[in-house]
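Subject: Structure for your review

Hello,

Here is the structure I promised to send. Please open it alongside the notes that follow.

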Amino acid sequence: MYSIGDLSRRTGVKIPTIRYYEQMGLIAAPERSEGNQRRYEKRELERLAFIRHARDLGLSIESIRDLLALSQHPERPCGEADRIAKEHLVTVREKIAQLQKLERELERIVACNGDHTIGDCYVIRALADHSMCGTDH
């Protein structure tokens, strides 16, 4: 049995986040000790590690909930899990493309060598006037 502090240390998930996951139903409400302390089993430690890894990959709570449900049926085909991961990959690629646009725009507006006054600073002017931007970002 593990305390909530043990769970936190072993998984790197903060205690308030563990409580949040309990409220969201991602991990079961634990048994309580005589001193009313939460006591978790190894199964919940493993489940929390799964959730932590999925969150590190940027998966939504809803996707994690679906994947956890799928993981309870190891005999089923993995098509649904693949679909969830592929949809997330599309989202990640879209975010990367957006970040690359932002990177290009920032490179463009900081291209001056900084020897101007603030009144002539292209960064300040570009931020004040969106029409000076080279792309829609």
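Two residues are said to be in contact, or to touch, when they have heavy atoms within 4.5 Å. The model is a predicted one: local features need pLDDT of at least 70 and side-chain atom pairs count only at pLDDT 80 or more, while totals for chains, interfaces and linings use all residues. Residues are numbered from 1 along each chain as its sequence is written, and side-chain values use heavy atoms, with hydrogens and water left out.

Helices (H or I, at least four residues) and strands (E, at least two) are DSSP runs, numbered from the N terminus. Arg-39 sits in strand 2. Leaving out residues up to four places away in sequence, Arg-39 touches Met-1, Tyr-2, Ser-3, Pro-30, Glu-31, Arg-32 and Ser-33.

For accessibility, buried means under 20% relative accessible area, exposed means over 50%, and partly exposed is in between (1.4 Å probe, protein chains only). Arg-39 has 23% relative accessibility and so counts as partly exposed.

Ser-3 belongs to the segment before helix 1 (4–11). Ser-3 counts as buried because its relative accessibility is 12%.

Asn-36 is in the loop that runs between strand 1 (31–32) and strand 2 (38–39). The phi angle of Asn-36 is near 65°, which is a positive value in a residue other than glycine.

The aromatic pair

Rings of Phe, Tyr and Trp (its six-membered ring) pair if their centres lie within 6.5 Å; planes under 30 degrees apart count as stacked, over 60 as edge-to-face and the rest as tilted. The structure holds one aromatic pair. Tyr-20 and Tyr-21 form this tilted pair, at 5.9 Å centre to centre and with 50° between the planes. Tyr-20 is partly exposed, at 36% relative accessibility, whereas Tyr-21 is buried, at 6%.

Helix packing

Two packed helices are described by the angle between their axes and the distance between the axes. The axes here are lines fitted to C-alpha atoms, for helices over the stretch in contact, and angles run from 0 to 180 degrees between N-to-C directions. Angles under 35 degrees count as roughly parallel, over 145 as roughly antiparallel, 65 to 115 as roughly perpendicular and the rest as oblique. A crossing is left-handed if the near helix is turned anticlockwise from the far one by less than a right angle, and right-handed if clockwise. For residue classes, Ala, Val, Leu, Ile, Met, Phe, Trp, Tyr, Cys and Pro count as nonpolar, Asp, Glu, Lys and Arg as charged, and the others, Gly among them, as polar.

Helix 1 packs on helix 3 at about 45°, with the axes 10 Å apart. That angle makes helix 1 oblique to helix 3. Leu-7, Arg-10 and Thr-11 of helix 1 make the contact with Leu-45, Leu-48, Ala-49 and Arg-52 of helix 3. By class, the contact has four nonpolar, one polar and two charged residues. The crossing of helix 1 and helix 3 is right-handed.

Helix 3 (residues 42–56) and helix 4 (residues 61–71) have axes that come within 10 Å and cross at roughly 140°. Helix 3 and helix 4 are therefore oblique to each other, and their crossing is right-handed. The contact is made by Arg-47, Phe-50, Ile-51, Ala-54 and Arg-55 of helix 3 and by Ile-61, Ile-64, Leu-67 and Leu-68 of helix 4. Seven of these residues are nonpolar, none is polar and two are charged.

Helix 4 and helix 5 pack at about 160°, again described with axes 10 Å apart. That makes helix 4 roughly antiparallel to helix 5. The crossing is left-handed. Ser-63, Asp-66, Leu-67 and Leu-70 in helix 4 meet Glu-80, Ala-81 and Ile-84 in helix 5.

Further along the chain

Cys-112 is in the loop between helix 5 (79–109) and helix 6 (122–128). At 31% relative accessible area, Cys-112 is partly exposed.

Regards
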